[in-house]
Amino acid sequence: MCSSDLDLTTHNGKVTVVAGASPLTVRTHNGKIDATCKSSAIHLATHNGGIDLDASGCATLAGEATTHNGSIRMTVGGDTSADLSCATHNGGISCDVPWEVTKKSKRRIEGMIGKGGSPFVVKTYNGSIRIVPATAEQ
C-alpha cells in the first residue's frame with residue numbers, strides 16, 4: 001500500500017494499485033485500471049481499457065474516472081459523499097446506491113450521493129457505468 005502522493009503513467013499495460021489516503025493519479029493509453037484507495041482526490045484515465053475503482057474506504061470523493069473504450073465499475077461505501085456526474089455515449093448507466101438525482105437524460109445522470117460535496121465525474125464513450133455499494137457481491 002502506498003501512503004504518499006501517487007502519479008502513475010503507462011502507455012501499454014494494465015495498472016493495479018492499492019493506495020492510502022493521499023492523492024492518486026493513474027493514466028494509461030492501452031490497459032485496464034484496477035484501483036483501491038482511501039483518497040478523496042482520485043484521477044483515473046485510460047483510452048483503451050476499463051476501470052474498476054474501489055473507493056469504499058473514501059469518506060469523500062473528488063476527481064474523475066474516464067475512459068474512451070471500456071466500462072467503469074465503481075464501488076462506494078455507505079458513508080461516501082460526492083456530487084456524482086455519470087456520462088456515456090454508447091452504453092448504460094446504473095447506480096445501485098441511494099442518491100438524489102438532480103439531472104437525468106438517456107446518456108447522463110447527475111446527483112448527490114451521501115451528503116454531496118466535491119464533484120466526481122465518471123465518463124466513458126464506449127462502455128457502461130455501474131456504481132455499486134461495498135456490500136454488493138463483487
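This is a short exchange about a predicted model.

Visitor: What ground rules apply to the numbering and to the predicted model?
Guide: Residues are numbered from 1 along each chain as its sequence is written, and side-chain values use heavy atoms, with hydrogens and water left out. In this predicted model, local features need pLDDT of at least 70, side-chain atom pairs count only at pLDDT 80 or more, and totals for chains, interfaces and linings use all residues.

Visitor: Which strands stand at the edges of the open sheet?
Guide: Eight strands form the sheet in the order β1-β3-β5-β7-β13-β9-β12-β11, with mixed pairing. Strands are DSSP runs (E, at least two residues), numbered from the N terminus; two strands pair if DSSP finds at least two bridges between them. Two strands have a single partner each, so one side of each lacks a neighbour in the sheet. They are β1 (6-12) and β11 (99-104).

Visitor: Which residue stands opposite V101 in β12?
Guide: β11 and β12 (residues 108-113) pair in the antiparallel sense over five bridges. Opposite V101 stands G111.

Visitor: Is T28 buried or exposed?
Guide: T28 is found in strand β3 (residues 24-30). Buried means under 20% relative accessible area, exposed over 50%, partly exposed in between (1.4 Å probe, protein chains only). At a relative accessible area of 2%, T28 is buried.

Visitor: How many Å lie between the backbone oxygen of G13 and a polar atom of the T28 side chain?
Guide: T28 touches G13, among others, not counting residues up to four places away in sequence. Contact means heavy atoms within 4.5 Å. The backbone oxygen of G13 and the polar side-chain atom of T28 lie apart by 3.2 Å.

Visitor: What separates the C-alpha atoms of A35 and D52?
Guide: A35 sits in strand β4 (residues 33-36). A35 is buried, with a relative accessible area of 2%, and its contacts include L44, D52 and L53. A35 and D52 are 17 residues apart along the chain, yet their C-alpha atoms are separated by 6.3 Å.

Visitor: Which residue forms a salt bridge with D7?
Guide: A salt bridge is a side-chain nitrogen of Lys or Arg within 4 Å of a carboxyl oxygen of Asp or Glu. For D7, the closest N and O atoms are 2.6 Å apart, and the partner is R27. D7 lies in β1 and R27 in β3, so the pair ties together parts 20 residues apart in sequence.

How values were computed. Helices (H or I, at least four residues) and strands (E, at least two) are DSSP runs, numbered from the N terminus. A polar contact is a pair of N or O atoms within 3.5 Å; within protein, one must be able to donate a hydrogen and the other to accept it, and residues adjacent in sequence count only if both atoms are side-chain atoms.
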